[in-house]
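Please look through the structure shown below together with its sequence, and keep both at hand while reading.

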Amino acid sequence: IYDSFMNIICVFIFLIISLLLIVNFKCTFMVVSACSMVLGCMNGVGPFGMYQAVSIAAFSIFMLRYFYWKDMRTYPLLFSSILLIVSYVLSNHYAVYRHYGSLVSCIVVDVASLFVFYQIISKNSRYIFIYIRTCVILSLVVGVYTLVETIISSNHYMFIVNSLELYSQDIIVEDIRFGMKRAQAIFGMHTTLGGFSTMMAGLLLWVRLNCPLYVKKLGKKKLSIAIGLMIIAVFLTGTRSTIAGLAVVLMSFFSFKHVKMKYVFIAIVSVVIGFMALDAYLDKIILSFTDTESVGGSNTDMRSIQFELAALFMMQSPFLGNGISYTFEYVADKYKEMCGAESLWIPIMIDFGMLGITAIIVFIIQVGYYIKKYCEIRLLFFLLGILVFNSLSSIPAFSFTQLFYLFVIIAFLKKHQVSICNSPSSSPSIK
């Protein structure tokens, strides 16, 4: 009876979101996209997680109401999208264990949702503000709660949601790293918090520096606080790959053209004071990169073993892989070293083989070209930073292809410099 009641809660949440999609599709889809990593942690309906189920519902509504074949011609990721779909379909068809439900959810979440997002933004770029406002609110909530969790060394939110069985993973991170409890905030894992914080820090910092209209509407202090909280949250996860990823992402915002000596002086003084005040903490972080055995968790030997196992199982079906979820249903169950599969590439190698690897590489190249053409070439560091992070660690509840959302937002902001407040009635129409 208790399990049925918990399932009813998840179904009720799904029905509410689905109803909102029917009534206000575009706004709701923007909010859902911004909250994807939170929804991705939750149980959903039947075999699907919450974000998977909502994405399938959203895509169904989009196909019935808004889809036109001519829109395919202008979609910048058309080739890599087709390649990903072919990889998923063939890998599943020739797999020992076929998962048709997972096939549908993979195609919708990893490929189709990106197309829907792009079409909404390209046809009415004012919906960008809804996405960014949701990101700011969520960043403030997550950032403040991360501080609270670190200060009290406990996560009461996760105790509650786990007792209600609302999340797919019943995990409460209690590890100590760099002298503090590793934070996970409202996510199922600390690396999910790290991924969210890194991406939000990069996106919101770009908005803060380049979009004065958005800064005015959102509030300069509120936006700056959200950015600061996200950067702090990265360090509070205690995850080296997250810190490395953030360091690369922040390189996107460095330009010699805008460097003034007073800012250089302030930066040098701040770094010196920071090292003096946080000497022991920073020493532990630096040592953890040079000596991976000095802290608990993943280390170089563990990752080497995982890649060796991935290569071994990939050779069973080198071109198409072993099928969707083979890594976590079979390999991880048989080899404890594979628990977590600490890289974006490991499950791709095992599940989808060379075709899957090629599809992801083509996706990265196409996104890189999109950034170079429509954003700023410096933002390639943003893409590289998340790629470095996800190559060193897995990010539960996050699909790497969803990174495209951020660059679509930045590209259309740069192109249009959208006014978010032309008049009192200038909010986007919702139909």
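## Two alanines in loops

Ala-397 has a relative accessible area of 28%, and it therefore counts as partly exposed. In this predicted model, Ala-397 is found in the loop between helix H18, which covers residues 380-392, and helix H19, which covers residues 404-416. The phi angle of Ala-397 is near 70°, which is a positive value in a residue other than glycine. Such a value deserves a second look, because most residues other than glycine have a negative phi.

Ala-185 also shows a positive phi, here near 55°, and this residue too is not a glycine. Its place in the chain is the loop between E2 and helix H9, the latter made up of residues 190-210. Is Ala-185 buried or exposed? With a relative accessibility of 0%, Ala-185 counts as buried, because the cut-off for that word is a value under 20%.

## Salt bridges

How many salt bridges does a search of the whole structure find? The search finds 3 of them. In one, the side chains of Asp-71 and Lys-123 meet, with a distance of 2.8 Å from N to O. This pair links distant parts of the chain, since Asp-71 sits in the loop between helix H4 (50-65) and helix H5 (78-93), while Lys-123 belongs to helix H6 (residues 100-123), and the two are 52 residues apart.

Because Lys-181 lies in strand E2 (residues 180-181) and Glu-149 in helix H7 (residues 127-152), the pair ties together parts of the chain that are 32 residues apart in sequence. Here Lys-181 counts as buried at 6% relative accessibility, and Glu-149 counts as buried at 0%. Glu-376 and Arg-378 form a salt bridge as well, and in this case the closest N and O atoms are 3.0 Å apart. Glu-376 counts as buried, at 16% relative accessibility, while Arg-378 is partly exposed, with a relative accessible area of 28%.

## Aromatic rings

A search of the whole structure finds 26 aromatic pairs. One of them joins Phe-25 and Phe-29, whose rings are stacked, with 5.9 Å from centre to centre and 25° between the planes. Phe-25 and Phe-29 are 4 residues apart in helix H2 (residues 25-34), and they are therefore separated by about one helical turn. Phe-25 is buried at 0% relative accessibility, and Phe-29 is buried at 5%.

Phe-117 and Tyr-405 form a stacked pair too, with their centres 4.3 Å apart and their planes at 25° to each other. What parts of the chain does this pair link? Phe-117 is in helix H6 and Tyr-405 is in helix H19, so that distant parts of the chain, 288 residues apart, are linked by the pair. Phe-117 counts as buried at 0% relative accessibility, and Tyr-405 counts as buried at 1%.

## The nonpolar core

The largest nonpolar core has 134 residues, and those with the most contacts inside it are Phe-25, Tyr-131, Ile-132, Phe-187, Phe-400 and Phe-404. Helix H17 (residues 345-374) contributes the largest share of this core, namely 16 residues. Around Phe-404, once its neighbours within four places in sequence are left aside, the contacts are with Tyr-75, Pro-76, Leu-77, Leu-114, Tyr-118, Phe-363, Val-367 and Tyr-370.

## An enclosed helix

Why can helix H12 (residues 240-250) be described as largely enclosed by the rest of the structure? The reason is that 9 of its 11 residues are buried. The buried residues of H12 include Arg-240, Ser-241 and Thr-242, and also Ile-243, Ala-244, Gly-245, Leu-246, Val-248 and Val-249.

Terms used: Residues numbered from 1 in each chain as written. Predicted model: local features only at pLDDT ≥ 70, side-chain atom pairs only at ≥ 80, totals over all residues. Heavy atoms only, no water. Core = buried A, V, L, I, M, F, W, Y, C linked by side-chain atoms within 4.5 Å. Buried < 20%, exposed > 50% of the residue type's maximum accessible area, 1.4 Å probe, protein only. Contact = heavy atoms within 4.5 Å. Salt bridge = Lys/Arg side-chain N within 4 Å of Asp/Glu carboxyl O. Phe/Tyr/Trp six-rings, centres within 6.5 Å; stacked < 30°, edge-to-face > 60°.
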